[in-house]
Amino acid sequence: MSKSLTTCVVMETDASLLDVELEQKQQEELYQQLLLQTMGKVQSESPLSKVICPQPGMCVKTSSVSDKKKVFLNICQSQAVPPPPHLSQQALVDLLESEDPTSYRVPMSLGEPHTEVDNSTQGCTVYDVVINDEFFQKCQKDGLFQQFLIAVSLEGLENKYNLELSRDTKVLKNRKFMGSIAEQNIRTKSKPIIQEIDSKQSDSFPSSAKRPEFSLLVEPPTGNAEHLIAEILLPGVISARALVLDLGEDRLVLNARLSLFHLDIFFPLLIDQENSAAQFNTNTQVLTVTMPVVSS
């Protein structure tokens, strides 16, 4: 995910020796350093990914719309994949009836297609989909969640591999996977984009932290999305040094020192966190995060 960053240190100087232009220059230099770090100019101190061995879950049969050939989904489970935000059954019903059900995202790892042989000795294409193990168990116990999981898995594969899969699906009762389940390489927990908090203060953020006001903008507003822009209002925060920002491929987590704010949101689009940029405006106290959208 995002790379490990070094701490930016700004030396204290007699205010009488600094005019407005010099202060602005120092702020711009700080912003520039943060942006360069965000864009991967600083070496990472920890691996960005790790190999996991998914556990079997359930096998779903479907087909390719274009050629009607059989396709199987091995929906697997692993503790290494983070769970989605908590969602009750009524909240799921409301979500599915809303205008934008894609606003709720399920973290998953989508494996490369591999060819297997089914029970009829016919060749078929198989995709391995890995989700959080606790969320998988929740889906096993609730039919509506299971249908939702299958739907988002199909959509994820379609977006990643530019294909179209039939919604006429069947969960196989007598087998949990088709063929074999391969190891997958997944991104590890992201490192902070803005990291200037003392290690003693960054261990935990109490629940007293407030959820800040924010907006998400898509650029351009029509057509294919190229950038996702988050604007987060942080009244009371006077410096970027008070912020810790983590970016995932579909998630943003922000914490502010002294437990002022905590924000944890999922995006409706996949982003390129390695080339994302963050800038904090001390005048407006707004953090702007600009994230390139990964084209499907």
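Predicted model: local features only at pLDDT ≥ 70, side-chain atom pairs only at ≥ 80, totals over all residues.
The chain has 296 residues, and 42% of them count as buried. Its secondary structure comes to four helices and 15 strands. Some contacts join residues that are at least 6 apart in sequence, and of these contacts 67% join residues at least 24 apart.

The largest nonpolar core has 27 residues. Within this core, the residues that touch the most other members are Ile 75, Val 106, Ile 131, Phe 135, Leu 149 and Leu 157. Several elements give two or more residues to the core: the strands β2 (55–63), β3 (70–78) and β6 (123–132), together with the helices α2 (89–97), α3 (133–141) and α4 (143–161). Which element gives the most to this core? The answer is α4, with eight residues. Apart from this core lies another, of 24 residues, which includes Leu 243, Leu 252, Ala 278 and Leu 287.

Ile 131 touches Cys 76, Gln 77, Ser 78, Val 81, Val 106, Pro 107, Met 108, Phe 136 and Leu 149, when residues up to four places away in sequence are not counted. The second residue, Ser 153, has its place in helix α4. Is Ser 153 buried or exposed? Its relative accessible area is 0%, and therefore Ser 153 is buried. With its neighbours within four places in sequence left aside, Ser 153 is in contact with Leu 73, Ile 75, Met 108 and Val 129.

Attention now turns to a sheet. Three strands form an open sheet in the order β11-β12-β13, and their pairing is antiparallel. Why is one side of β11 and of β13 left without a neighbour in the sheet? The reason is that β11 (243–247) and β13 (262–266) stand at the edges, so each has a single partner strand. Neighbouring strands of this sheet are turned against each other by 5° on average, with direction ignored. The pairing of β11 with β12 (residues 251–256) runs over five bridges in the antiparallel sense. One example of residues facing each other is Leu 243, which stands opposite Ala 256 in β12.

The loop between β11 and β12 holds Asp 250. Asp 250 has a relative accessible area of 9%, and because buried means under 20%, this residue counts as buried. The side chain of Asp 250 is joined to that of Arg 105 by a polar contact of 3.3 Å. Not counting residues up to four places away in sequence, Asp 250 touches Arg 105, Ile 265, Phe 266, Phe 267, Leu 269 and Leu 270.

The last topic is the pairing of charged side chains. Side chains of opposite charge can pair when their charged atoms come close. How many salt bridges does a search of the whole structure find? The search finds four.

Lys 70 lies in strand β3, whereas Asp 118 lies in the loop between β5 (114–117) and β6, so the pair ties together parts that are 48 residues apart in sequence. Lys 70 counts as partly exposed, at 27% relative accessibility, while Asp 118 is buried, with a relative accessible area of 8%.

Another salt bridge is formed by the side chains of Arg 167 and Glu 158, at 2.7 Å from N to O. Here Arg 167 is partly exposed, at 47% relative accessibility, and Glu 158 counts as buried, at 15%.

A further salt bridge returns the reader to the sheet described above. Asp 264 forms a salt bridge with Arg 251, and their closest N and O atoms are 2.6 Å apart. Asp 264 lies in strand β13 and Arg 251 in strand β12, and this pair links distant parts of the chain, 13 residues apart. Asp 264 counts as partly exposed, at 29% relative accessibility, and Arg 251 likewise counts as partly exposed, at 26%.

Terms used: Residues numbered from 1 in each chain as written. Heavy atoms only, no water. Core = buried A, V, L, I, M, F, W, Y, C linked by side-chain atoms within 4.5 Å. Buried < 20%, exposed > 50% of the residue type's maximum accessible area, 1.4 Å probe, protein only. Contact = heavy atoms within 4.5 Å. Pairing = 2+ DSSP bridges. Axes fitted to C-alpha atoms, helices over the stretch in contact; angles between N-to-C directions. Polar contact = N/O pair within 3.5 Å; in protein donor to acceptor, adjacent residues only side chain to side chain.
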